[in-house]
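Here are my notes for our chat about this protein.

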Amino acid sequence: MRAVVAVLGALLLGGCATPPPASAPPVTVVTFGDSVPAGTACHCTPFPDLYARMVSPAADSVNLSEAGATSADVRRTLSGAHARDAVRRATVVLVMAGANDVAAALDDDDPYAAPVAEVGRNVTAVLRSVHDLRPGVPVLVFGYWNVVEDGVAAGNDASRRAAAVAATAACDQALREAAAAAGATYVDTLPVFKGGTGTGDPTSLLAADGDHPNAAGHEAIASAAYAAAH
């Protein structure tokens, strides 16, 4: 009789046990952008992948960035089925585009107001598409420390440096405004590379071409992104 009671007690206790918690959905970081998030000239892990590891060691990083991409290219990428499917399962979306638009105008000595306006329109459209595909998903929009080469690789042409600073500031403002309008988080990389004054030497964070981050630079961007979003 005692054995029967023990068995019944065990069954009753087992029936009242708390079920195991449901496992959280996997973290998926989806990135759109140019050669910076693509990791060009670095031969290292680019910042989107580093950021994904900071968010979750098991995160999936879907990096759809391409070297040479303009903001219009990123907008076109997002119209593709693969990109749209990636956004639909995204936990967070990263966007970094616009430098190539503005750099082309700067190199040709053309006014960069029109390219900057185009960056604003295209990134706004990208953010709108992301919202439509994945309402409520957190989005990080990254600015630039320079739209062209910087540090020792930039040389000593004062007028060229001044023009680059002005063009970068205009591009970043367009990106900042697009992010604010969409409720996205803007990540300012200027202090990351050039300090609080925005005038420091970023050479130690740049690859040999002076145009792209090295491994330390990518780690710094990833850390800034994490700090901005968490």
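1. Let's start inside. The residues F32, G33, L64, E66, A69, D73, V74 and T77 line the largest cavity. Keep in mind that you're looking at a predicted model. Two elements, β1 and α4 (71-77), each give two or more residues to that lining. The one that gives the most is α4, with three residues.

2. How big is the space in the largest cavity? It comes to about 50 Å³. A search through the whole structure turns up one cavity of 30 Å³ or more. As for the kinds of residues around the largest cavity, the lining splits into four nonpolar, two polar and two charged.

3. Now for the open side of things: the largest pocket, with a volume of about 160 Å³. Its lining is made of 16 residues, and S35, A99, N100, V147 and D211 are the ones nearest the centre.

4. Which element gives the most to the lining of the largest pocket? That's α6, with four residues. Both α2 (35-38) and α6 (99-107) supply at least two lining residues each. By class, the lining of this pocket has seven nonpolar, four polar and five charged residues.

5. Next, the sheet. Five strands make up an open sheet with parallel pairing, and the order to trace is β2-β1-β3-β4-β5. At the edges you'll find β2 (60-63) and β5 (185-187); each has a single partner strand, so one side of each has no neighbour in the sheet.

6. Zoom in on one pair of strands. Strand β1 (residues 28-33) runs parallel to strand β3 (residues 92-96), and five bridges join the two. If you'd like a landmark here, look for T31, which stands opposite L94 in β3.

7. What packs on this sheet? Helix α8 (residues 158-182) does, and the strands it touches are β4 (139-142) and β5. Compare directions while you're there: the helix makes an angle of about 160° with β5.

8. Last stop, the charged pairs. Side chains of opposite charge can pair when their charged atoms come close. In this model the count is seven salt bridges. One to look up is E118 with R121, where the closest N and O atoms are 2.7 Å apart. Where do E118 and R121 lie? Both sit in helix α7 (residues 113-133), three residues apart, or about one turn of the helix.

Note on methods: Residues numbered from 1 in each chain as written. Predicted model: local features only at pLDDT ≥ 70, side-chain atom pairs only at ≥ 80, totals over all residues. Heavy atoms only, no water. 1 Å grid on protein atoms, 1.4 Å probe; cavity = no way out; pocket = protein on both sides within 12 Å on 5 of 7 lines; lining within 4 Å. Points joined across faces, edges and corners; volume = space filled by probe spheres on them. Nonpolar A, V, L, I, M, F, W, Y, C, P; charged D, E, K, R; others polar. Pairing = 2+ DSSP bridges. Contact = heavy atoms within 4.5 Å. Axes fitted to C-alpha atoms, helices over the stretch in contact; angles between N-to-C directions. Salt bridge = Lys/Arg side-chain N within 4 Å of Asp/Glu carboxyl O.
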